[in-house]
Amino acid sequence: MVEAFPKHYQRLYDRINELSARFPLRTVLELGCGVGHFVGFLREQGFLAEGIDGKTDLFRDDLMDYLHQGQLTDLKQVFGDRRFDMIVGRGVVCHGSQYDYSYGSRQDAGWLVVMSALDPQVKRELEKRVQAKIERILESSFNQLMPDGLLAVCEDIDTDDKIGFSMEAAQRIGYHVLSYEIQEAVLQKPK
Ligand SMILES: C[S@@+](CC[C@H](N)C(=O)[O-])C[C@H]1O[C@@H](n2cnc3c(N)ncnc32)[C@H](O)[C@@H]1O
């Protein structure tokens, strides 16, 4: 089967191409891979790509050997001591995506109404939880990377989506920040 390029991944794919010209990248894990089209496409391009998502109902049958179910906050539970050259993600480390995953916020307009009526204190508490979750995803990814391995994330699903962690949070975990923009970041695990 010849893979159609999943066009919405263009920005992340450009970044991967650029990085693979500078670093030896063979094994790639996609966080929040959804159906798995991008994993399939990367495999066709010669990467040893795999994906993980909490929701498996949409996984493509022909990619079952490479798609895994699990929580992005606990990659070790699925991958143990396996390490990847690169971990990538699109639409996973922004607040909207983590609200959506935990509370079904984007699909459920009713939930958004409840959210807007919430006490500001409760809202702040939810915000903190989502923030902590995003940082756990970063930490969990750090542990599954090879020394010198890269984490590249792109948050361009909606025009107002933003990377949901600060540069300082990434550095606290131990990453070198190679680039950090509103909608994308590239982090490296030091040797
Ligand atoms: C917004 S969708 C993006 C899907 C795909 N990457 C794309 O760009 O089309 C986010 C995906 O990440 C998964 N996801 C988000 N947070 C997760 C978590 N904490 N653990 C496991 N899967 C998660 C969701 O199930 C969903 O498939």
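Helices are DSSP runs of H or I with at least four residues, strands are DSSP runs of E with at least two, and both are numbered from the N terminus. The legends below use these names throughout and describe a predicted model.

**Figure 1. The chain as a whole contains seven helices and seven strands.** Read along the sequence, these elements follow the pattern α-β-α-β-β-α-β-α-α-α-β-α-β-β. The radius of gyration of the chain is 16 Å, close to the 16 Å that the globule rule gives for 191 residues, so the chain is as compact as a globular protein of that length. Along its principal axes, the C-alpha trace spans about 50 × 35 × 30 Å. Of the 191 residues, 35% count as buried. Among contacts between residues at least 6 apart in sequence, 62% join residues at least 24 apart.

**Figure 2. The shell around the ligand is made up of 16 residues.** The closest of these residues are Gly-32, Gly-34, Gly-54, Gly-91 and Tyr-101. By class, the shell has nine polar, four nonpolar and three charged residues. Which helix gives the largest share of the shell? Helix α4, residues 95–103, contributes three residues, the largest share.

**Figure 3. Helix α4 has five residues that count as buried: His-95, Ser-97, Gln-98, Tyr-99 and Tyr-101.** Just after α4, Gly-104 takes a positive phi of about 65°.

**Figure 4. Seven strands form an open sheet with mixed pairing.** The order of the strands across the sheet is β3-β2-β1-β4-β5-β7-β6. The edge strands are β3 (67–69) and β6 (176–180), each of which pairs on one side only. From one strand to the next, the twist averages 20°. In general, the strands of a sheet pair through backbone hydrogen bonds, in either a parallel or an antiparallel sense.

**Figure 5. Strand β4 (residues 84–90) lies between β1 and β5 in the order of the sheet.** Four bridges join β4 to strand β1, residues 27–31, and these two strands run parallel. In this pairing, Leu-31 stands opposite Gly-89 of β4. Strand β4 also pairs with β5, residues 145–154, in the parallel sense over six bridges. Within that pairing, Ile-87 has Leu-151 of β5 as its bridge partner, and Val-88 stands opposite Ala-152 of β5. Seven of the seven residues of β4 are buried, so the strand is largely enclosed by the rest of the structure.

**Figure 6. Strand β5 is joined to β7 by five bridges.** These two strands run antiparallel, whereas the pairing of β5 with β4 is parallel. Cys-154 stands opposite Glu-184 in β7. Seven of the 10 residues of β5 are buried, so this strand is largely enclosed by the rest of the structure. Helix α1, residues 10–22, lies across β4, β5 and β7 (184–188) and runs at about 150° to β5.

**Figure 7. Asp-148, a residue of strand β5, has a positive phi near 75°.** Most residues other than glycine have a negative phi. Asp-148 is such a residue other than glycine, yet its phi is positive. Is Asp-148 buried or partly exposed? Asp-148 has 13 C-beta neighbours inside 10 Å and therefore counts as partly exposed.

Figure 8. Helix α2 is followed by Gly-46, whose phi is positive, near 100°.

Technical notes. Residues numbered from 1 in each chain as written. Predicted model: local features only at pLDDT ≥ 70, side-chain atom pairs only at ≥ 80, totals over all residues. Near = placed C-beta within 6 Å. Nonpolar A, V, L, I, M, F, W, Y, C, P; charged D, E, K, R; others polar. Pairing = 2+ DSSP bridges. Axes fitted to C-alpha atoms, helices over the stretch in contact; angles between N-to-C directions. Contact = placed C-beta atoms within 7 Å. Buried ≥ 20, exposed ≤ 12 C-beta atoms within 10 Å, placed from the backbone. Rg over C-alpha atoms; globule rule 2.2 N^0.38 Å.
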